[in-house]
Amino acid sequence: MCGIVGYIGEKSALGILLDGLTNLEYRGYDSAGIAVNVEGKVELYKAEGKLQNLKDLTNEKREHILKSTIGIGHIRWATHGSPTAVNAHPHSCNCGRVAIVHNGIIENYKELRAKLEKQGCTFRSQTDTETVAHLVASKYAQTNNLTEAVRLATKEIEGAYALAVIHQDVKNTIVATRRNAPLLVGIGEGEYYVASDVPAIIKYTKRAMYLDDNQIVTLTSNSMKLIDSDNNELVPKIETLPWEPVALSKMGYKHFMLKEIHEQPDVVRNVLSGKLRASNENIVLNEVKLDKEALKTLNRIQIVACGTSLHAAMVGKYIIEDLCGIPVDVEPSSEYIYRKTVGDKNTLVIGVSQSGETADTITAVRQAKSRGSHVLIVTNRPDSTMAREADSLVPVSAGIEVSVAATKSYMAQVISFYLLAIHIAEIKESASRSELEKIKRELILLPQKLEKTLSHKDEVKTCAKKFANSKDFIFIARGINFPTALEGALKLKEISYINATGYTAGELKHGPIAMLDESMPVLSILMKGKVYDKILSNSEEAKARNARMIALTDSDDTKLDELFECIIRIPEVDEMLSPALAIVSLQLLAYYIAEFLGKDVDQPRNLAKSVTVE
Ligand code: F6R
């Protein structure tokens, strides 16, 4: 949800800002802008649409802009005001001396705007952010101190923000601050970087400091001063970022999504590494801080998440209830936070989030924590807000995921739930050792099966070509693969804009069956196990209504050829593990359909990867 970046040092800022924005494009891509200070004058460059438009714009005055060694930049996912150049950040005040970039939402912007307009401020945009630019300018006029101006301004702001500010009269300074939106400072030699996320700066430095809520940092090219909102000086906690720049390359794949789908066998190996050493050894989850007694007395688990992470959580529910016998509720974070939830110290609350920055999930787990529940976070970002505030952690180590459509992080989350459930079951002795060993053996074999699945992608491509022009799509499954149906449908919707829905196969006849005719594809997730025959008969019912049938199956039964127009076969797998294998073909199906339709796979319209607003 919007990305901000800043640079101050000896180098020219332009390339660093554009580079940073390129690596933050997953956070939004409907407009972009930068502010620089060229020969003592703050200048803004803003463009509607993809970042390339800003690159073209700045290229026209490249030699001139290159003179600036300070700058801030922004990539936008519009919340207030349409995605036009006027609404693009940076925003400025009447006199144009202040420039400000913002990620978040200023909730009281209407009141602030009315007050500032009365004081003579002229607003150019429809954004909430512009109020902050005018507010900082007015506080600067009173204090003649940029840090103090920002500090006083934040006292009047309600809502969420990560802000970076420059002022024409304070040439060698960037002031940055945050509340409920991520922000870090990268530390170089005689230079500093500001960014919403690591990818923007990892190419330049691995030394960084994460800001906590309400902290304000003042950067010059050779100094960094950190204060709290009451002006007390703080000692910055500097850390080394555990990321490699190479993670941001497409490595020869046409899209990041395709590359990330292909990374999944290695992602599984990474997630298992050090945690599952052998099938006859217990799972090691050092970051889970619940002791044996606490795990034994758990009487309830609540899992909160959004989108794809919610689907991983739903798989988690099946696994935990099956192996641990603990009741599990799964709820979208955005629902959990607006009702009275019941739980106490014997309730474990699990937040699942690739980014660890999703606003609704942060609020949900904070709410649970304040109620006395132990909060465990399953995240791909051990450096995120959620991870830093959690009691326990299951780091999913999928590596940086660039494509907006989540694939490898889903895989890593699902695998983490197997590990967590087996860990709890081993302590509670709620499943037999032989059953747990069988699942562990299957987990160890999974990367090879994933490789085999990926090597059969031509079957998926053929199927994608056949169905690419469908207007709607139905995915059916039962049991542990119902979330797979939901996730398969979500992937297709996100990147191809085809109306796709996942149903439990048994529900089809209670309403959705009315939609079936010769134009409707129905994809049955038909994995061997308890519900195979049931789904097969639900598929017959759909076929009898002339639906175009597709099967995703680990069965080699040739009789399926009569029922299904298209069959995607994957290696045979234990039913409990089947969601991890089945999803890969559905990710590929969505990818190839979007490709055939010529869609922008890595940056689908209206979406952003990290949803840091409610
Ligand atoms: C779908 C997708 C989103 C995210 C959701 C939650 O491909 O990426 O649905 O899963 O926005 O994000 P995280 O997992 O970062 O909390």
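Predicted model: local features only at pLDDT ≥ 70, side-chain atom pairs only at ≥ 80, totals over all residues.
Visitor: What happens at the turn of the hairpin of β9 and β10?
Guide: The hairpin has 4 residues between the strands, and among them G190 takes a positive phi near 65 degrees.

Visitor: Where is N214, and what is its phi?
Guide: N214 is found in the loop between β11 and β12 (216-220), and its phi is near 70 degrees, a positive value in a residue other than glycine. N214 is partly exposed, with a relative accessible area of 30%.

Visitor: What about E429, where does that one sit, and is it buried or exposed?
Guide: E429 lies in the loop between α14 (408-428) and α15 (433-455), where it is exposed, with a relative accessible area of 68%. The phi of E429 is also positive, near 55 degrees, in a residue other than glycine.

Visitor: Switching to peptide bonds, what kind joins H89 and P90?
Guide: A cis peptide bond joins H89 and P90, with omega about 0 degrees, and P90 itself is placed in the loop between β4 (70-76) and β5 (91-92).

Visitor: On to the ligand: how many residues surround it, and which are the closest?
Guide: The ligand is surrounded by 14 residues, of which the closest are S309, S353, Q354, S355 and T358.

Visitor: Which side chains have an N or O atom by a ligand oxygen?
Guide: Among them are S309, with a side-chain N or O atom 2.6 Å from an oxygen atom of the ligand, and E494, with a side-chain N or O atom at 2.8 Å from a ligand oxygen. From the backbone, a polar atom of A406 is 2.8 Å from an oxygen atom of the ligand.

Visitor: Where is S355, and what does its side chain reach?
Guide: S355 is in the loop between β18 and α12, and its side chain reaches the backbone nitrogen of E357 at 3.1 Å. S355 is buried, with a relative accessible area of 11%.

Visitor: What is the strand order in the sheet that holds β18?
Guide: The order is β17-β16-β18-β19-β20, an open sheet of 5 strands with parallel pairing. Its edge strands are β17 (328-332) and β20 (392-395), each of which pairs on one side only, and the twist averages 20 degrees from one strand to the next.

Visitor: How many bridges join β19 to β20?
Guide: There are 4 bridges between β19 (residues 374-379) and β20, which run parallel, and V378 stands opposite V394 in β20.

Visitor: Why is β23 described as largely enclosed?
Guide: Because 6 of the 6 residues of β23 (residues 521-526) are buried, the strand is largely enclosed by the rest of the structure. P521, L523 and I525 point one way, and V522, S524 and L526 the other way.

Visitor: Which strands pair with β23?
Guide: They include β21 (residues 472-477), which runs parallel to β23 and is joined to it by 3 bridges, with I474 having V522 as its bridge partner. Strand β24 (residues 548-553) pairs with β23 in the parallel sense over 6 bridges, and there P521 stands opposite R548.

Visitor: Last one: which residues of α4 are buried, and what covers them?
Guide: The buried residues of α4 (residues 109-118) are Y109, L112, R113 and L116. Seen down the axis of α4, they fall within an arc of 100 degrees, so they line one face of the helix. What covers them includes β6 (98-106), α5 (129-143) and α6 (146-156), whereas the face turned away from the buried side carries the exposed residues K110, E111 and K118.

Terms used: Residues numbered from 1 in each chain as written. Heavy atoms only, no water. Buried < 20%, exposed > 50% of the residue type's maximum accessible area, 1.4 Å probe, protein only. Helix = DSSP H or I, 4+ residues; strand = E, 2+ residues; numbered from the N terminus. Arc of directions from axis to C-beta. Contact = heavy atoms within 4.5 Å. Pairing = 2+ DSSP bridges. Axes fitted to C-alpha atoms, helices over the stretch in contact; angles between N-to-C directions. Near = heavy atom within 4 Å. Polar contact = N/O pair within 3.5 Å; in protein donor to acceptor, adjacent residues only side chain to side chain.
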